[in-house]
Amino acid sequence: MEWVYLVYVVPTLWASFLIWKMWDERRERECYILNYQCYKPPKERMLGTEFCGRLIKRTQNLGPSEYRFLLKAIVNSGIGEQTYAPRNIFEGREGSPTLMDGIGEMEEFFNDTIGKLLDNSKVSPSEIDVLVVNISMLASVPSLSSRIINHYKMRHDVKVYNLSGMGCSASLISLDIIKNIFKTHPNTLALLIASESLSPNWYTGSDRSMILANCLFRSGGCAVLLTNKRSLQPQALLKLKCLVRTHHGSRDDAYGCCIQCEDDHGRLGFHLAKSLPKAATRAFVDNLRVISPKILPIRELLKFMFLSLVKTLNKSNSPKSVSSTGATKSPLNFRTGVDHFCLHTGGKAVIDGIGSSLDLTEYDLEPSRMTLHRFGNTSASSLWYVLSYMEAKKRLKRGDTVFMISFGAGFKCNSCLWEVMKDMGNPNVWDDCIDGYPPHSLTNPFMETYGWINEVEDPYTYENIPEFLK
């Protein structure tokens, strides 16, 4: 009996122990969101129609042709009148920003949002083990992450990552860094900071590809508290299921379609090329190709494989299904594996394009459309405003899945899937307006107020321009 015991029972117990240990260690490698806080600037920094008109008026180097282009861009952007801009724009100094304008803009965000997040989460700054900060278009010495550490007096051994130049998709890049740290460092608390500094990046020239950025980007930011601590799992809001990053920087057209540069007169701005939609589509398709098997049920993947095989055998030459926006529709039904879609608010065309590609309903697109209307494109932080809208509307229930998709300069497309750990209902920055969304109409008042510019006959002179625009 002892021989049988040694040969069979002991190895079985040992194998069971190893299996339990592997499962137990994997639990400590999970990535959870404990809490997050979006940033809402003061009301006096809202960009209403009247102020935008004055802002355009004082912008030099613009003529009737540029006014028409701006009018069309603003009206079709999907952005409303309650978005926010930096202080130096309201002070009339957008054409001559200082370094302190950018730093002050970021510190205002840091001091407000990080403080609220830590207080609401009952977490001390000294408990933070990892700090990841992504601000793409502002670099300072000491770094912005050092300013946060100094202000909140964090520990001397906090692991710090300060990202710049990563564009609108930087949130998920930061998340990927934290996820990988969690794999080897158990019982860790991480703080993710995402924003963009607009103060030093207002374009004052007349190049249309660079004027467009002035119409799209708005002030905002978000702080996210993450952990892999098993003891904090009951408090978690979301659990990361998978994350996929796609980078097309090796393609020249993709690399140059979304880039900070100077125009012919040496004025610094952000260039958005006509090749941007094509580059975004390629990156999007490549990203979906990798993440689809990770998030869709087997039955949907088998169905796709069967239909693809039938199509190949029949040697069908039928054209691809193309939507009215020109985007190729995916043959996969993503709603079979995803309950909610959190899309980057890059603009109305971006939301329409993703919606057409994935065959989404207006219900699916509502959070992104409303976020774009209320807060504009807040760059890397925009995904969290969209998530906050879903939460404020009490859409997120335990067991639901949330698919995040973002695009950024480089050119990059990053995506991830979250599992909702508990019913969520915190209104966050939507607390004072969520009941008014969606509004009855998203019609932009700019056309009603400034539509007369389309009646100006000579697009190259100021002869027929009203006095207040001369």
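Me: Is Asp101 buried or exposed?
Reply: Asp101 is buried. This is a predicted model, by the way. The relative accessible area of Asp101 is 14%, and buried means under 20%.

Me: What does the side chain of Asp101 meet in a salt bridge?
Reply: The partner is Arg93. The N to O distance is 2.7 Å. Arg93 is partly exposed, at 27% relative accessible area.

Me: How many salt bridges are there?
Reply: The count is 24.

Me: Which residue does Arg147 pair with?
Reply: Arg147 forms a salt bridge with Glu107. Their closest N and O atoms are 3.4 Å apart. This pair links distant parts of the chain, 40 residues apart. Arg147 sits in helix H6, and Glu107 sits in helix H5.

Me: And how accessible are Arg147 and Glu107?
Reply: Arg147 is partly exposed, at 23%. Glu107 is partly exposed too, at 27%.

Me: What about Arg395, which residue is its salt-bridge partner?
Reply: Glu366, with the closest N and O atoms 3.2 Å apart.

Me: Are Arg395 and Glu366 buried or exposed?
Reply: Arg395 counts as buried, at 10% relative accessibility. Glu366 counts as buried as well, at 15%. There is also a network, in which salt bridges with shared partners join Lys348, Asp352, Glu362 and Arg369.

Me: New topic. How many residues are in the largest nonpolar core?
Reply: It has 76 residues. Those with the most contacts inside it are Leu175, Ile193, Leu226, Trp418 and Trp430. In soluble globular proteins, nonpolar side chains tend to be buried together.

Me: What does Trp430 touch?
Reply: Leaving out residues up to four places away in sequence, the contacts of Trp430 include Met370, Phe375, Tyr385, Ser388 and Tyr437. A second, separate core has 41 residues, including Phe217, Val244, Ala283 and Leu343.

Me: Where is Ser388?
Reply: Ser388 is in helix H14, residues 382-392. Ser388 is buried, with a relative accessible area of 0%. Beyond four places away in sequence, Ser388 touches residues including Tyr36, Cys38, Asn428 and Trp430.

Me: Asn428 came up there. What is its phi?
Reply: Asn428 has a positive phi of about 55°, although it is not a glycine. Asn428 lies in the loop between S11 and H15. Asn428 is buried, at 9% relative accessible area.

Me: Which other non-glycine has a positive phi of about 55°?
Reply: Asp359 has one. Asp359 is in the loop between H12 and H13. Asp359 counts as partly exposed, at 44% relative accessibility.

Me: Where is the kink in H10?
Reply: The kink lies at Arg289, shortly before the proline Pro293. The kink is about 35°.

Me: Which residues of H10 are buried?
Reply: Among them are Ala279, Ala283, Asn287, Leu288 and Ile291. An α-helix has 3.6 residues a turn, so residues three or four places apart point the same way.

Me: What covers those buried residues of H10?
Reply: The cover includes strand S6, helices H9, H11 and H12, and strands S10 and S11.

Me: Which residues does the cis peptide bond with omega near 10° join?
Reply: That bond runs from Gly410 to Phe411. Phe411 is found in the loop between S10 and S11. Another cis peptide bond joins Tyr437 and Pro438, with omega about -5°. Pro438 is found in the loop between S11 and helix H15.

Me: Last one, the whole protein. How many helices and strands are there?
Reply: There are 15 helices and eleven strands. Buried residues make up 53% of the 470 residues. The protein exposes about 22400 Å², and carbon and sulfur atoms supply 55% of that.

Methods: Residues are numbered from 1 along each chain as its sequence is written. This is a predicted model: local features need pLDDT of at least 70, side-chain atom pairs count only at pLDDT 80 or more; totals for chains, interfaces and linings use all residues. Side-chain values use heavy atoms; hydrogens and water are left out. Helices (H or I, at least four residues) and strands (E, at least two) are DSSP runs, numbered from the N terminus. Buried means under 20% relative accessible area, exposed over 50%, partly exposed in between (1.4 Å probe, protein chains only). Contact means heavy atoms within 4.5 Å. Accessible areas come from the Shrake-Rupley method with a 1.4 Å probe; for residues, only the protein chains shown count as cover. A salt bridge is a side-chain nitrogen of Lys or Arg within 4 Å of a carboxyl oxygen of Asp or Glu. A nonpolar core is a set of buried Ala, Val, Leu, Ile, Met, Phe, Trp, Tyr and Cys residues joined through side-chain atoms within 4.5 Å. The bend at a residue is the angle between axes fitted to the seven residues ending there and the seven starting there.
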